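Visitor: I have a new model open and would like to walk through it with you. Could you start with the terms and then move on to the details?

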Amino acid sequence: MRRYGKHTDEDDIRSRPNRKGNRPRTNIRPKHEDAAEGLVLTVDRGRLTCLVEDRVVMAMKARELGRKAAVVGDRVMLVGDLTGMKDTLARIVRIQERASVLRRTADDDDPYERVVVANADQLAIVTALANPEPRPRLIDRCLVAAYDAGLEPLLVLTKSDLAAPDELLELYGHLDIPYVVTSREELENGDAADRVRELLDGRITAFVGHSGVGKTTLVNALVPQERRRTTGHVNAVTGRGRHTTTSALALPLAGDDGWVIDTPGVRSFGLAHIDPSRVIHAFPDLEPGTADCPRACSHDEPDCALDAWVAAGHADPARLYSLRRLLATRERTEGD
């Protein structure tokens with residue numbers, strides 16, 4: 001161990017050379033002012049497929065982003081090789097501010113949020129009328145997540161050749177949700193795709209639904225040039241379909257009139273991240289009636305002011321019932 005005397009100065013101190021010969025690390029990061037904007041189309045094991053102008057570019061996340069992850073629908077800034085040629089790789093250096101975020105958790109007691117898609121403005125909830133049987137509680141949960149994220153919901157009912165839609169439509173009639181009913185024959189001849197497309201034009205629509213309901217079949221009819229493998233098999237014992245869509249994928253509608261985002265089939269839609277007090281915002285006819293509610297009112301208790309508001313004729317009683325049914329859905333399992 002080297003010892004120094006009382007009169008040392010800087011010339012006496014030996015500096016340790018940098019063995020790697022590179023520059024010392026710094027906290028100053030480049031601004032990437034020349035970065036190009038892109039749209040994340042899909043994510044697969046750390047590699048992100050992005051659309052930059054008219055080119056499909058493969059990219060990875062820059063280290064300086066830390067744990068912040070980009071998801072399908074994100075607007076991102078990229079640097080590096082943006083040619084889109086084979087075996088090239090760009091780098092995502094910034095994630096732009098999101099206009100909306102659709103989240104879910106695995107279960108209601110799971111604190112970990114999973115971002116489904118970003119920047120969508122409409123949520124298409126795809127439900128089969130039979131094979132598998134419709135699950136109203138799962139629909140309710142998707143509606144709560146849509147309202148919380150600021151997305152407009154759309155009901156897409158498939159397989160009407162196997163069962164009538166009347167009973168299910170009656171259940172959601174008072175929510176004033178737009179809907180479209182399709183059958184297998186209409187999907188084959190293109191009529192169903194045309195009617196659904198009218199509700200998607202100019203919008204970014206995320207498709208969610210239980211496995212086996214025909215979600216990907218519908219997406220293939222809407223975007224025939226980008227066909228995805230469909231399920232077509234539903235277990236006769238469990239009534240569940242097999243997962244064939246394993247990752248979300250954004251696809252452009254013909255004529256640049258909108259985007260559809262196909263997502264993997266879900267078997268649960270946890271709402272642990274949802275604050276029930278925000279659900280009332282989706283009911284503008286009822287929201288003024290909460291002014292006289294007690295503090296932290298759940299809107300489903302004896303002192304709730306909404307009962308008097310509805311009794312005075314300010315809103316339809318069926319709307320209050322729908323609100324309370326959605327608020328109660330966190331306390332039930334999807335199979336109820």
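Guide: Let me begin with burial: a residue is called buried under 20% relative accessible area, exposed over 50%, and partly exposed in between, using a 1.4 Å probe and protein chains only. The model is predicted, so local features need pLDDT of at least 70 and side-chain atom pairs count only at pLDDT 80 or more, while totals for chains, interfaces and linings use all residues. Residues are numbered from 1 along each chain as its sequence is written, and side-chain values use heavy atoms, with hydrogens and water left out.

Visitor: Okay, what percentage of the chain counts as buried?

Guide: Of the 336 residues, 46% count as buried.

Visitor: And how many helices and strands are there?

Guide: The chain has seven helices and 13 strands, where helices (H or I, at least four residues) and strands (E, at least two) are DSSP runs numbered from the N terminus.

Visitor: Which strands close into a barrel, and in what order?

Guide: Five strands do, in the order E1-E2-E3-E5-E4, and the pairing is mixed; two strands are said to pair if DSSP finds at least two bridges between them. On average, neighbouring strands of this sheet are turned by 55° against each other, with direction ignored; the axes behind such angles are lines fitted to C-alpha atoms, for helices over the stretch in contact, and angles run from 0 to 180 degrees between N-to-C directions.

Visitor: In what sense do E3 and E5 pair, parallel or antiparallel?

Guide: E3 and E5 pair in the parallel sense, over three bridges, and Ala59 stands opposite Ala90 in E5. By contrast, strand E4 (residues 75-80) and strand E5 (residues 90-95) pair in the antiparallel sense over five bridges, with Arg94 of E5 as the bridge partner of Met77.

Visitor: What about E2 and E3?

Guide: Strand E2 (residues 47-52) pairs with E3 in the antiparallel sense over five bridges, and the bridge partner of Thr49 in E3 is Met58. The hairpin of E2 and E3 has two residues between the strands, and Glu53 takes a positive phi near 55° there. Glu53 also belongs to a network of salt bridges that links it with Asp54 and Arg55.

Visitor: Since you mention them, how many salt bridges does the structure hold?

Guide: It holds 16 salt bridges, each defined as a side-chain nitrogen of Lys or Arg within 4 Å of a carboxyl oxygen of Asp or Glu.

Visitor: Which residue does Arg98 meet in a salt bridge?

Guide: The side chain of Arg98 meets that of Asp74, at 2.8 Å from N to O. This pair links distant parts of the chain, 24 residues apart, with Arg98 in the loop between E5 and strand E6 (101-104) and Asp74 in the loop between strand E3 (55-61) and E4.

Visitor: Is Asp74 buried or exposed?

Guide: Asp74 counts as buried because its relative accessible area is 0%, whereas Arg98 is partly exposed, with a relative accessible area of 25%.

Visitor: Where does Arg103 find its salt bridge?

Guide: Arg103 meets Glu113 through their side chains, at 3.0 Å from N to O. Arg103 lies in strand E6 and Glu113 in the loop between E6 and strand E7 (114-118), ten residues apart. Arg103 is partly exposed at 31% relative accessibility, and Glu113 is partly exposed with a relative accessible area of 36%.

Visitor: Switching to helices, how do H4 and H5 cross?

Guide: The axes of helix H4 (residues 191-198) and helix H5 (residues 215-222) come within 9 Å and cross at roughly 85°. H4 and H5 are therefore roughly perpendicular to each other, a label that covers angles of 65 to 115 degrees, while under 35 counts as roughly parallel, over 145 as roughly antiparallel and the rest as oblique.

Visitor: Which residues make that contact?

Guide: Ala193, Val196 and Arg197 of H4 make it with Leu218, Ala221 and Leu222 of H5, where contact means heavy atoms within 4.5 Å.

Visitor: One more: where is Thr127, and what is it in contact with?

Guide: Thr127 is placed in strand E8 (residues 122-128) and counts as buried at 7% relative accessibility. Leaving aside neighbours within four places in sequence, Thr127 is in contact with Pro134, Ile139, Val156, Leu157, Thr158, Leu168 and Val213.
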